[in-house]
Amino acid sequence: EIQIKEPIEKEVNPRLLPGELLLCEASTVYKYIHEDGSNRGTCGKLVCTNFKIAFLDDDSASDDNEPQLKNKIIGENDITLQCVDQIYGVYDEKKKLLTGQLRKYPEKLIIYCKDLRVFNFCLRFTKEEEVKRIVSGIIHHSQTPKLLKRLFLFSYASAAPNNTDERNQTVMFDTLEDWRNELERTKGNVQYKVVTTNEGYRISEKLPLYFVVPICVSEETILKYEGRGIPIWCWSCHNGAALLKMSAFPKEQDDSTAQMQKAFLDGIYKTISKPPYELLKTDDLSSSLPSLQDIQTAYTRYKQLFLIDNSADFWATDVKWFSLLESTNWLEIIRRVLKKAIEVVECLERQHTNVLLIEESATDLCCVISSLVQVMMDSYSRTKSGFQSLIQKEWVIGGHGFLDRCNHLHQSDKEEAPVFLLLLDCVWQLVQQYPAAFEFTETYLTVLSDSLYVPIFSTFFFNSQHQKDTNTTGESLETQSGPFRFLTVWDWSVQFDPKAQAFLNNPLYAEKPKPDKSQRKTARFKHQRQLSCPLTQTKSSPKRGFFREETDHLIKNILGKRIGKFINSSDEPPNSFREFYDSWHSKPVDYHGLLVPRIDGTEIRVWAQRFLRWIPEVQLHGGGTIATAARILDLMEEVERLQVKMDEEHSQAVSGNIHAVPMLRDSARLSSLFPFALIHRQSVKPALPTSTWKDLEDEDDLVKRDDEFVDLSSDML
């Protein structure tokens with residue numbers, strides 16, 4: 001049986017953006033709601049445009065169920081074509097992946113999204129011709145290969161007025177002046193210089209127009225191998241040590257060519273390494289970190305844990321959650337990447353050694369490590385404008401292939417890899433460990449990850465600066481009067497109004513204290529450091545993970561085995577690394593100095609807000625980080641009001657400038673899913689059926705594996 005709201009006789013039309021065209025639609029479509037396991041649904045219209053797939057409900061969203069972080073571009077029931085991951089059809093209760101031309105059309109459509117949403121549409125009551133048009137249209141426009149100019153990015157740029165926010169403080173690094181200012185800011189202009197050798201892209205189309213190299217590197221040297229083998233500057237430490245990256249030579253070369261290239265590299269290294277004053281350490285990331293294929297495989301497994309169709313599927317995986325989580329290897333990759341970044345930090349900070357990161361193209365893992373090092377060592381990169389400038393410098397201008405790595409054109413699955421999401425997950429680990437050190441919130445990182453799939457911004461839809469420039473200079477489709485003017489994702493006013501943007505800013509950010517308050521600063525940081533010191537928490541959180549009843553004997557056994565193996569991993573850091581790591585963590589934290597993430601054991605966690613936000617079963621009613629923020633913001637607002645009242649009494653009226661997150665007072669309505677969703681109906685954990693116990697008895701991964709058992713009975717109670 002299907003329980004549905006009766007359709008209202010009212011025509012519902014989609015809200016189209018400039019340049020957006022309606023391609024196909026189907027009426028009398030029912031969108032399922034699976035919160036409590038019942039087949040409840042809402043009647044509406046399913047449409048497909050050249051920008052998105054949208055479900056148009058008959059009922060207008062009320063204030064009670066409308067998300068607080070409302071996006072002005074994408075509605076709650078909208079899916080951009082680039083956000084569609086996989087489409088399944090249901091035939092006689094059996095799921096089948098839909099691709100290409102279909103001989104038979106499904107009675108139910110399931111759309112899995114890259115932002116982890118899952119949409120279930122029932123087509124049983126829709127006219128047959130409409131079903132054919134809408135299913136074929138969705139598959140064709142979201143899954144088949146397309147040309148770059150067919151992206152909605154170009155249609156929108158042609159039709160939309162360009163009202164960009166000129167007050168944006170993000171440094172775009174597309175001018176010579178931007179690079180010179182960055183060199184001056186980091187005091188790197190003594191040993192490094194900006195070169196204009198690649199103007200007109202005469203050296204390489206993969207390199208940016210302007211980049212920084214050591215002063216001793218000549219223009220002829222850069223030209224010799226089209227930029228390969230040239231150390232390119234990323235950032236300079238306060239002690240003069242620099243972080244560099246290099247595009248490696250192809251490994252498969254004949255002997256004579258390999259000898260010439262080796263001699264060339266030896267000469268380059270000698271110009272940077274001048275013992276005992278200047279030392280150089282090279283690090284080939286392709287051999288010391290997982291390959292892009294390994295990263296893609298791990299993430300594919302990892303995201304499957306969160307693409308939940310219904311409540312029954314969720315509870316079916318509950319008892320083996322930790323085993324499934326470990327088997328994906330995603331958290332282990334994050335740990336290895338953070339460990340590598342700490343090793344680079346140690347060389348720069350303690351050994352005063354230049355570090356040269358080497359990779360085939362220097363546009364993937366080099367971007368991840370160089371960005372993490374700067375976030376950990378440079379407090380400017382932990383501000384919102386500084387972090388955005390960092391992404392521009394290392395990723396957008398640095399030549400990361402967003403178009404291929406995100407597979408926006410569906411031209412080659414082999415090139416797809418979630419490299420940028422890996423960075424954001426690593427930064428989130430730092431944010432959740434040291435929240436006061438960051439001007440932005442985890443919500444900012446979540447929204448930034450969602451923006452990867454919004455094709456009205458050019459930021460994440462080109463492979464290089466050259467590709468963008470060559471496609472920007474083409475005349476627009478309608479006006480035929482000039483180049484495209486693309487929007488940048490850093491203008492958050494395009495997606496969110498001021499109240500929603502408040503969610504992106506951290507009200508607890510520790511402002512840099514003035515010099516004369518240094519003693520007070522040290523005392524305050526010492527106290528906060530003690531609160532966040534690892535291993536001081538002796539009791540596990542009663543609501544960590546997916547489990548509602550962690551005292552269950554089976555769950556404790558499984559949890560003990562998983563954690564036992566994870567903590568006793570054979571991949572222990574080397575002694576020098578461990579000495580630096582332990583030494584830093586034994587001292588008070590300076591939130592405007594060096595930050596070193598904790599990476600041992602269970603310190604690496606699931607990015608809950610991004611991956612769990614659409615699963616109502618994992619919500620904490622009135623709990624989670626948002627509950628803490630709500631109480632603190634209430635106090636901040638009260639202080640602000642008292643300050644204004646005092647000023648008025650002294651006849652010095654001051655206009656209130658309260659940047660608090662809206663609607664946080666009614667804490668009873670909040671859950672840990674806020675601000676992406678409000679409170680949901682509680683999902684009750686079913687009694688464990690006999691068949692599940694039998695399955696578990698035969699489950700080698702859970703019961704019969706010879707892992708070291710850790711008795712957690714006393715710790716978990």
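This is a predicted model: local features need pLDDT of at least 70, side-chain atom pairs count only at pLDDT 80 or more; totals for chains, interfaces and linings use all residues.
His400 counts as buried because its relative accessibility is 2%, and the cut-off for buried is under 20%. Setting aside residues up to four places away in sequence, His400 touches Thr363, Asp364, Cys367, Trp395, Arg405, Val419, Phe462 and Asn463.

One of these neighbours, Asp364, also makes a polar contact with His400, side chain to side chain, at 3.3 Å. Ser361 is 39 residues from His400 in sequence, and the two C-alpha atoms are 9.1 Å apart in space.

## Arg598

Arg598 belongs to the loop between helix H20 (575-585) and helix H21 (608-612). With a relative accessible area of 8%, Arg598 is buried. Its side chain makes a polar contact with the side chain of Glu603, at 3.5 Å.

## The chain as a whole

The chain has 717 residues, and 53% of them are buried. Its secondary structure comprises 25 helices and 15 strands. The accessible surface is about 34,300 Å², with carbon and sulfur atoms accounting for 50% of it.

## Nonpolar cores

How many residues does the largest nonpolar core have? The count is 158, and the residues with the most contacts inside this core are Phe306, Phe387, Phe420, Leu445 and Phe460. H10 gives the most to the core, with 12 residues. At least three residues come from each of domain 1 (22-61 + 71-144) and domain 2 (250-258 + 282-475 + 482-503).

Phe387 is in contact with Val375, Tyr380, Ser381, Leu424, Val427, Phe440, Tyr444, Leu445 and Leu448, leaving aside neighbours within four places in sequence. Another core, of 32 residues, lies apart from the largest one and includes Tyr192, Val194, Trp233 and Ala242.

## Salt bridges

The model contains 28 salt bridges. In one of them, Glu219 pairs with Arg202, with the closest N and O atoms 2.8 Å apart. Glu219 lies in helix H4 (residues 219-224), while Arg202 lies in the loop between strand E10 (192-195) and strand E11 (211-214), so this pair ties together parts that are 17 residues apart in sequence. Glu219 is partly exposed, at 36% relative accessibility.

Lys245 and Glu394 form another salt bridge, at 3.8 Å from N to O. Because Lys245 is in strand E13 (residues 242-247) and Glu394 is in helix H12 (residues 384-396), the pair links parts 149 residues apart in sequence. Are these two partners buried or exposed? Lys245 is buried, with a relative accessible area of 9%, and Glu394 is buried too, at 2% relative accessibility.

Glu332 and Arg335 are both buried. Elsewhere, salt bridges with shared partners connect Glu182, Arg185, Lys245, Asp378, Lys393 and Glu394 into one network.

Why does helix H2 (residues 152-159) count as largely enclosed by the rest of the structure? Of its 8 residues, 6 are buried, and therefore the helix is largely enclosed. The buried residues are Phe152, Leu153, Phe154, Tyr156, Ala157 and Ser158. They pack against helix H16 (465-472).

In helix H9 (residues 321-328), the buried residues include Trp321, Phe322, Ser323, Leu325 and Thr328. Asn329 follows H9 and has a positive phi, near 75°.

Note on methods. Residues are numbered from 1 along each chain as its sequence is written. Side-chain values use heavy atoms; hydrogens and water are left out. A salt bridge is a side-chain nitrogen of Lys or Arg within 4 Å of a carboxyl oxygen of Asp or Glu. Helices (H or I, at least four residues) and strands (E, at least two) are DSSP runs, numbered from the N terminus. Buried means under 20% relative accessible area, exposed over 50%, partly exposed in between (1.4 Å probe, protein chains only). Accessible areas come from the Shrake-Rupley method with a 1.4 Å probe; for residues, only the protein chains shown count as cover. A nonpolar core is a set of buried Ala, Val, Leu, Ile, Met, Phe, Trp, Tyr and Cys residues joined through side-chain atoms within 4.5 Å. Domain bounds come from an automatic or database domain assignment. Contact means heavy atoms within 4.5 Å. A polar contact is a pair of N or O atoms within 3.5 Å; within protein, one must be able to donate a hydrogen and the other to accept it, and residues adjacent in sequence count only if both atoms are side-chain atoms.
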